[in-house]
Amino acid sequence: MRTRVLATAVAAVLAPLVLAVPTAHATAAAAPYDFNGDGRTDLAIGAPDATVAGQSRAGAVSVVYGGSGGLKTATRTLITQNTSGVPGTAEAGDAFGSAVASADLNRDGYADLLVGAPGEDVDGDTNDGTVVVVWGARAGLSGARTVVDYWHEDVDRYGQAVAVGDLDGDGDLDVAIGSTGSVALSFVNGPLTRTGSFQGGSGSGFPSPYSPSYGATSLTAGRVSPAWSTSLVVHGRQPRTGAAVTHLVTDPSIGNFTDWWQELPAGTVSAIGDIDRDGYADIAVGNPSEVSADPAGAKGGKVTVVYGGPGGRDTSRAPLVLGQDTAGVPGAAETGDAFGGSVSLGDVDGDGFEDLAIGAPGEDDGAGSVTLLRGSASGLTTKGAVSYTQNTAGVPGTAEKGDRFGARVLLADHSGDHRAELTVAGPGENAGDGAVWSLRGAAGGATTAGSVSFGPSVTGVSTAGAPHYGTILND
């Protein structure tokens, strides 16, 4: 039986914070990842294997700001645990940047950045993990604080997954943090402010078939139904086999939310967005595994789209299962393609329907590819589906074994033109240096005209020891 332990003891010693609301809080909250409040989505690029000041795998996050022409590498911020104002010190194996999330936590008109470092040693506890919040401002990100870990004795790898949303429906933004151990999922109540006390929280273990050794491996937050302010997709793995497990928590404010969670198709990653513009967000779940590794997998990998409704998952509509053997999807399903290794939803063409980008980083001996499918009033369609590789005309570079192009994909509006750019990471590029590509959104879909590419050195990340730049993009 899964238990949810309320942080009553902690809350009792932390007096509720009563703040006079400053004028800045009257400003409309910024959208996630708009760190400088200019209305454009900025890009956070995690390189948890980056070497910092000679410390291998200390980890780094590069932030590239959006502009009218898309991403602008000339305006950027590099964040490590050696950055002034960021708590801690860059140490070998910290893996800072293993997870990121964003929201305007203090409602000042600038989005803030949450960064997980699950390899951080805390008070002599190896790989205890930590999460920091870096504050947005007109000039970009600066200043940070550590997010409290109420369950320090019961978790390891705190920060291996992070998500943010109004999880308890009280109007404040809360943080969900994944870890391993007996408390696999921690909730930190909002509001989170630059200096104020934390407001308590809760922690949860999972019932079978979730394994505490893997814990909550990935989290996706979004508003699936207007009935709940935020729902949470939780990914984990089964003991012994490592097979994927996925559930939708429709209302995280319910104490025993296993009574309220809904089983989703098993996968390792997910995205939430309204594909058919019916007012209910849909969920795309990627499972890149072969059947030999995961009974819920498929040859070459797959993506399952679950349509949303008033009660969360719309059980009246059959899920859409997609693979590279699906009619209209470019390519062919081949062992090891890892189709569904990454997924993202966003409106590339500006028609109001969310489109779906799917990464297949194992395609062609790990060279990788990305497939883009369009949303419509009837749901996702394979009509006009397009595939991109580094051999696609206009895409910088050359497809090579091990590049892992498509290991991460993102559909987000970096230019402010109401069309999402298609941003792709290939953390294996140049023998593990990694790189990022960005293709502009257009009425006909993502266009390679004017596409850009850049690697770690451009944003100040060391190439020593294979940083795998782009292991993480905006979640």
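Strands here (E, at least two residues) and helices (H or I, at least four) are DSSP runs, numbered from the N terminus. Before going on, note that this is a predicted model, in which local features need pLDDT of at least 70 and side-chain atom pairs count only at pLDDT 80 or more, while totals for chains, interfaces and linings use all residues. Residues are numbered from 1 along each chain as its sequence is written, and side-chain values use heavy atoms, with hydrogens and water left out.

Back to that pair. Strand 5 and strand 6 (residues 112–117) run antiparallel and are joined by five bridges; two strands count as paired if DSSP finds at least two bridges between them. In a regular strand, side chains alternate between the two faces of the sheet. You can follow this in strand 5: Ala99, Ala101 and Ala103 point one way, Val100 and Ser102 point the other way, and all are buried. Buried means under 20% relative accessible area, exposed means over 50%, and partly exposed lies in between (1.4 Å probe, protein chains only). Because five of its five residues are buried, strand 5 is largely enclosed by the rest of the structure.

Now for the nonpolar cores. A nonpolar core is a set of buried Ala, Val, Leu, Ile, Met, Phe, Trp, Tyr and Cys residues joined through side-chain atoms within 4.5 Å. The largest one has 22 residues, and Leu105, Leu114, Val147, Val164, Val175 and Val188 have the most contacts inside it. At least two of its residues come from each of strand 5 (99–103), strand 7 (130–134), strand 9 (155–165) and strand 10 (174–181). Strand 9 gives the largest share, four residues. A contact means heavy atoms within 4.5 Å. There is also a second, separate core of 20 residues, including Tyr33, Val63, Leu113 and Ala117.

Next, some loops. Thr51 lies between strand 2 (43–47) and strand 3 (60–67). Thr51 has a relative accessible area of 15%, so it counts as buried. Its side chain reaches the backbone oxygen of Ala464 at 3.2 Å. Apart from neighbours within four places in sequence, Thr51 is in contact with Ser56, Arg57, Ser462 and Ala464.

Two other loop residues have a positive phi without being glycine. Ala338, between strand 22 (320–322) and strand 23 (342–346), has phi near 60°. His418, between strand 27 (408–412) and strand 28 (421–426), has phi near 65°. Ala338 is buried, at 15% relative accessible area, whereas His418 is exposed, at 67%. And a cis peptide bond, with omega about 0°, joins Gly190 and Pro191.

Finally, zoom out. The protein chain has three helices and 30 strands, and 59% of its 475 residues count as buried. A compact globule with 475 residues would have a radius of gyration near 23 Å, and the chain's 21 Å agrees with that; the value is taken over C-alpha atoms, and the globule rule is 2.2 Å times the number of residues to the power 0.38. The C-alpha trace spans about 60 × 50 × 45 Å along its principal axes.

Note on methods. Polar contact = N/O pair within 3.5 Å; in protein donor to acceptor, adjacent residues only side chain to side chain.
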